[in-house]
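Here is a short report for a first look. Please keep the sequence and the model in view while reading.

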Amino acid sequence: MAARKSAAKPNVSPEELKQYYRDMLLIRRFEEKAGQLYGMGLIGGFCHLYIGQEAVVVGLEAAADEGDKRVTSYRDHGHMLACGMDPDGVMAELTGREGGYSKGKGGSMHMFSREKHFYGGHGIVGAQVPIGAGLAFADKYLENDRVTFTYFGDGAANQGQVYESFNMASIWSLPVVFVIENNQYAMGTSQKRSTSGQDIYERGAPFGIPGELVDGMDVLKVKEAGEKAIAHCRAGKGPYILEIKTYRYRGHSMSDPAKYRTREEVQKMREERDPIENIRTMLLDGKHASEDDLKSIDKEIKDIVNKSADFARESPEPDLDQLWTDIYASELPQGDAVDS
Ligand SMILES: Cc1ncc(C[n+]2csc(CCOP(=O)(O)OP(=O)(O)O)c2C)c(N)n1
Ligand SMILES: [Mg+2]
């Protein structure tokens, strides 16, 4: 394995470093388990894994405050875990069980948590971007100081509605951080083949939206950039763009033949840039944790993930009559009951 450079002086406490290690590892092990359950036929439909991209959500959630919001695409399990949603409920939803966040009726791409301010989970490429701007509009209207993270991919960045959202977010100075998770591929198409221009974040310039490129394999850099973007939004200066360069190790979804890139390309990224290994090295080199400490964190995470899979398996499938429920809202946004 290639030698890893450890960052000399991370500006965080050893406890924080351990927390990021734990949070990223939870996502990775959870996704590996989801991949296994998919292979066993326990998960049906679409399933897009987040392995390799963990530092993006963990870094940004470390910068976020209680009450901040998030909305993303179909590659959403990591976002849910990072914002504190229960792994049991996420795994049960993946397997279509009653104990899932959408009572087993939504699946991998359609989960929500009002409590954790997680607004999905969206299967239509780019569709979450105007929704994110809308969430930020609501906060501005209510005059609180919440910020919305609106995540989308490098491929989605070529959607027209992204620029309509940029325009409105800028003109109304909405507190939204547009997070471009640039994993360098949109299904089987590389960024080079699909996307004109140099850096995607520069597309905010015509709308007067500042932005920057961030190393998405380094959780500390992501956190730092997140703090800057949030401060900008909370100060009432309007939207901010973070283009976070990351990499997905697995295929686009579970049915991806992966013919568009070489094994060596993936291997090189895993060996030299892996965000979890980087923190591990930092913890060990800085003598903030021993091998045994890390082993016990690994065990703790493995137990959480195994428990979520057991919970999912034991949770029943929804009754057939559940097909007719949760179609229309029974409450208006103001909290009044809807007349039937
Ligand atoms: C409007 C629309 N067009 C096409 C698709 C099919 N599709 C699903 S994912 C995807 C690629 C998106 O890539 P990117 O935005 O980079 O996100 P990533 O999958 O890399 O996270 C496409 C074309 C879709 N779901 N919705
Ligand atoms: Mg992509």
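This is a predicted model: local features need pLDDT of at least 70, side-chain atom pairs count only at pLDDT 80 or more; totals for chains, interfaces and linings use all residues.

Residues are numbered from 1 along each chain as its sequence is written, while chains are lettered from A and ligands numbered from 1 in the order in which they are written.

The protein chain holds 11 helices and seven strands. These are DSSP runs numbered from the N terminus: helices are H or I of at least four residues, strands E of at least two. The C-alpha atoms fill a box of roughly 65 × 50 × 40 Å along the principal axes. Of the 340 residues, 46% are buried (20 or more other C-beta atoms, placed from the backbone, within 10 Å of a residue's own).

Helix α1 covers residues 14-39. Gly-41 follows α1 and has a positive phi, near 80 degrees.

UniProt, in an unreviewed entry, places "domain: Dehydrogenase E1 component" at residues 23-319. Such annotations may be inferred rather than shown by experiment. Over residues 23-319 the chain is 45% helix and 10% strand.

Which residues are closest to ligand 1? They are Val-125, Gly-153, Gly-155, Ala-156 and Ala-186, among 14 that surround ligand 1 (C-beta atom, placed from the backbone, within 6 Å).

Terms used
A residue is buried if 20 or more other C-beta atoms lie within 10 Å of its own, exposed if 12 or fewer, and partly exposed in between; C-beta atoms are placed from the backbone. The expected span of a helix is 1.5 Å times one less than its number of residues.
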